[in-house]
Amino acid sequence: ETFGADVELVPWDKLKRNDIDVLLKLFDELPPDKRDEAEVVLRHVHALSCEQGVQALGEAADELHADAGKITVNGCKIYSFSPNRFLKRLALI
C-alpha cells in the first residue's frame with residue numbers, strides 16, 4: 001500500500017539502514033487522512049517487531065500449519081506452506 005505516495009521516487013537500491021529522509025518527505029507530503037491511515041499500518045508492523053509480536057506470528061503459523069512441513073534452524077521454525085493462507089490468517093491477528 002502506498003497511500004498515494006509516489007514511491008517510484010525512492011531510490012530503493014541506494015537506501016542504507018536508517019536512511020529515512022526520502023521516506024519521511026513522502027510521508028509528510030501525504031494528505032492528513034492518508035497519513036493517519038499509513039500511521040495505523042506502521043504501528044501494526046512495529047507491534048509485530050517486538051518479542052510478543054514475533055511470538056504471535058509463530059503461534060499463528062503453528063495453528064494454521066500444524067500439518068505443514070517444518071524444521072527448526074538455530075531455534076527458528078521454518079515452514080513449508082502457502083504464503084497466501086498465512087497472510088490471510090495473519091490479517092486476523
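Predicted model: local features only at pLDDT ≥ 70, side-chain atom pairs only at ≥ 80, totals over all residues.

Lys25 and Glu29 are joined by a salt bridge, with their closest N and O atoms 2.6 Å apart. The term salt bridge stands for a side-chain nitrogen of Lys or Arg within 4 Å of a carboxyl oxygen of Asp or Glu. Both Lys25 and Glu29 belong to helix H1, where they are 4 residues apart, about one turn of the helix. Helices here are DSSP runs (H or I, at least four residues), numbered from the N terminus. Lys25 has a relative accessibility of 51% and therefore counts as exposed.

Residues are numbered from 1 along each chain as its sequence is written, and side-chain values use heavy atoms, with hydrogens and water left out.

How many salt bridges does a search of the whole structure find? The search finds 3. One of them links Lys34 to Glu37, with the closest N and O atoms 4.0 Å apart. These two residues lie in helix H2, which covers residues 32–48, and they are 3 residues apart, about one turn of the helix. Lys34 is partly exposed at 29% relative accessibility, and Glu37 is partly exposed at 38%.

Glu39 and Arg43 also form a salt bridge, at 2.8 Å from N to O. About one helical turn separates Glu39 from Arg43, because they are 4 residues apart in helix H2. Glu39 is partly exposed at 32% relative accessibility, whereas Arg43 is exposed at 57%.

Now turn to the nonpolar side chains. The largest nonpolar core has 6 residues: Phe3, Ala5, Val10, Leu26, Leu30 and Ala38. A nonpolar core is a set of buried Ala, Val, Leu, Ile, Met, Phe, Trp, Tyr and Cys residues joined through side-chain atoms within 4.5 Å. Leaving aside neighbours within four places in sequence, Val10 is in contact with Leu15, Val22, Leu23 and Leu26, where contact means heavy atoms within 4.5 Å.

On the surface, Trp12, Ile20, Leu23 and Leu24 form a nonpolar patch, with about 380 Å² of accessible area together. Patch residues have over 30% relative accessible area and no salt bridge; like charges are joined within 9 Å, and nonpolar side chains (Val, Leu, Ile, Met, Phe, Trp, Tyr) within 5 Å. Accessible areas come from the Shrake-Rupley method with a 1.4 Å probe, and for residues only the protein chains shown count as cover. Trp12 sits in the segment before helix H1 (21–29).

How values were computed: Buried < 20%, exposed > 50% of the residue type's maximum accessible area, 1.4 Å probe, protein only.
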